[in-house]
Amino acid sequence: MNPLEDTPCRRCGTCCLADMVAYITEEDLARWKAEQRHDIFHILEKEQAFWAGDHFVSARDGRVLTCCPFLAWDEEGAACSIYETRPLVCRNYRPGSSEICPQWKGKGPR
């Protein structure tokens, strides 16, 4: 049994501080096209994020992108505004699975 599967998300939004736009796949794009998610394509075209050494920058206006453009907040914490069709990188992420998550336990004693 994988202990990460039992780690509930705290909805802190920390994992969403990385801009997932750089990690979308051709499959994500094909799904959004089939779903006619023009709202998603509008945001992707608007931002056109690129890596500028140590952060993402909007190609449109040069501002630093500090989080996923689909990160939203509700009364319970962080929320994904496209959760039902979020990209594969987000679907595969497990709370506690990386150092960015406050629930990360590391690799344990050596």
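**Cysteines and positive phi angles**

In this predicted model, the cysteine sulfur closest to that of cysteine 12 belongs to cysteine 101 and lies 6.0 Å away, which is too far for a bond. Cysteine 15 is likewise in no disulfide, its nearest cysteine sulfur being that of cysteine 16, at a distance of 4.0 Å. Since a disulfide here requires two cysteine sulfur atoms within 2.5 Å, that separation of 4.0 Å does not qualify, and the structure as a whole holds zero disulfides.

Let me turn now to the backbone. Most residues other than glycine have a negative phi, and with that in mind I would like to show you two residues. Arginine 11, which is not a glycine, has a positive phi of about 60°; arginine 11 is located in the segment that precedes helix H1, the helix covering 26-34, and its relative accessibility of 24% means that this arginine counts as partly exposed.

The other residue is glutamine 36, where phi is near 55°, again a positive value in a residue other than glycine. Where in the chain does glutamine 36 lie? Glutamine 36 is found in the loop between H1 and helix H2, the latter covering 38-47, and because its relative accessibility is 57%, glutamine 36 counts as exposed.

Terms used: Residues numbered from 1 in each chain as written. Predicted model: local features only at pLDDT ≥ 70, side-chain atom pairs only at ≥ 80, totals over all residues. Heavy atoms only, no water. Helix = DSSP H or I, 4+ residues; strand = E, 2+ residues; numbered from the N terminus. Buried < 20%, exposed > 50% of the residue type's maximum accessible area, 1.4 Å probe, protein only.
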